[in-house]
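The exercises below ask the reader to work through charged pairs, a central strand, nonpolar cores and a loop residue. Each task is followed by a solution in steps.

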Amino acid sequence: MSNIIRAALVQQKWTGDKETMIANAVEHIRAAASQGAQVLCLQELFYGPYFCQVQDADFYSYTESIPDGPTTQLMQEVAAQNNIVLIVPMYEVEQPGVYYNTAAVIDADGTYLGKYRKNHIPQVKGFWEKFYFKPGNLGYPVFDTAVGRIGVYICYERHFPEGWRALGLAGAKIVFNPSATSRSLSEYLWKLEQPAAAVANEYFVGAINRVGVEPLGDNEFYGQTYFVSPRGQLVGDAASDTEEELVVRDLDLDLLTEVRDTWAFYRDRRPDTYEGLVNP
């Protein structure tokens, strides 16, 4: 019998305020659950605009505590009501002045399982993230959920192979990469990096991007959210590059065993030769 997991991704347009973004996300979660989805990931910093296009301390007001903040608690209720695992990327405050780009992971019964804090923080034009976020300090956790072991890697981090591999070594079967990425060179890389990571690490990847132009800058977020298999093949089509969309796909986890038996990348690793990779 196949080990099929029905998984979902949501790409949203900025609605103009936090409350309607949250309501819109909840609507998508319920729609996914009605289609049988068992796990769903939202986009990076899902309830706000991508404010990192500018450097403005007013956007610190978008922070919430995790798990004690209102959005995490709401999503725990939504997860339990719809029997669905949720990955919820938000702007976290740990203490006054200490903020992280974080994703909360909630199990299908509403249990808060933990969080991932983005480790690699860019500081380039249109992506002024060091103004807003400290680098993560929780490593690369993998979460045991109702659909199996999942990991999270956020946006810019897709350019760094080390975290992808850490998640694979920890047993992740699906890794979600919620993002806010815009046209130009990034669009070409978007079609390369996650499929390459899925192949190299022999797991499924869910790549999520927001869509549209937001009032804080001229970045056009191009959507094209997709799932990719450990063979590097898209599972169904990618989402629209201009419109909001819910992506629901069936992932056959038995494929992981088949691919690992065929390629045996984990068997043939040579960590004894890699010491130089982590030297400063």
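**Exercise 1.** Determine which residues are linked with Arg-117 in a network of salt bridges, and describe the pair that Arg-117 forms with Glu-94.

*Solution.* The network of salt bridges links Glu-92, Glu-94, Lys-115 and Arg-117, where a salt bridge is a side-chain nitrogen of Lys or Arg within 4 Å of a carboxyl oxygen of Asp or Glu. Within it, Arg-117 pairs with Glu-94, and their closest N and O atoms are 3.3 Å apart. Because Arg-117 belongs to strand S5 (residues 112-117) and Glu-94 to strand S3 (residues 85-95), the pair ties together parts that are 23 residues apart in sequence. Helices (H or I, at least four residues) and strands (E, at least two) are DSSP runs, numbered from the N terminus. Arg-117 is buried, with a relative accessible area of 3%, whereas Glu-94 is partly exposed at 41%; buried means under 20% relative accessible area, exposed over 50%, and partly exposed in between (1.4 Å probe, protein chains only).

The model is a predicted one, in which local features need pLDDT of at least 70 and side-chain atom pairs count only at pLDDT 80 or more, while totals for chains, interfaces and linings use all residues. Residues are numbered from 1 along each chain as its sequence is written, and side-chain values use heavy atoms, with hydrogens and water left out.

**Exercise 2.** Find the salt-bridge partner of Glu-129 and state where the two residues lie.

*Solution.* The side chain of Glu-129 meets that of Lys-118 in a salt bridge of 2.8 Å, N to O. Glu-129 sits in the loop between S7 and S8, and Lys-118 in the loop between S5 and strand S6 (123-124), so the pair ties together parts that are eleven residues apart in sequence. Glu-129 counts as buried at 1% relative accessibility, and Lys-118 is buried at 0%.

**Exercise 3.** Work out how strand S11 (residues 204-209) is covered and which strands pair with S11.

*Solution.* Six of the six residues of S11 are buried. Phe-204, Gly-206 and Ile-208 point one way, while Val-205, Ala-207 and Asn-209 point the other. In a regular strand the side chains alternate between the two faces of the sheet. Strand S10 (residues 174-179) pairs with S11 in the parallel sense over six bridges, two strands being paired if DSSP finds at least two bridges between them, and Val-175 stands opposite Val-205. Strand S14 (residues 226-228) runs antiparallel to S11 and is joined to it by three bridges, with Val-228 as the bridge partner of Val-205.

**Exercise 4.** Identify the residues that touch the most other members of the largest nonpolar core.

*Solution.* A nonpolar core is a set of buried Ala, Val, Leu, Ile, Met, Phe, Trp, Tyr and Cys residues joined through side-chain atoms within 4.5 Å. Among the 45 residues of the largest one, Ile-150 and Phe-176 touch the most other members. S11 contributes the largest share of this core, four residues. A second, separate core has 40 residues, including Ala-8, Trp-14, Val-26 and Val-88.

**Exercise 5.** Is Phe-131 buried or partly exposed, and which residues does it contact?

*Solution.* Phe-131 is placed in the loop between strand S7 (127-128) and strand S8 (142-145), and at 28% relative accessibility Phe-131 counts as partly exposed. Leaving aside neighbours within four places in sequence, Phe-131 is in contact (heavy atoms within 4.5 Å) with Gln-55, Asp-56, Ala-57, Tyr-60 and Gln-123. The C-alpha atoms of Phe-131 and Gln-55 are separated by 6.5 Å, although the two are 76 residues apart along the chain.
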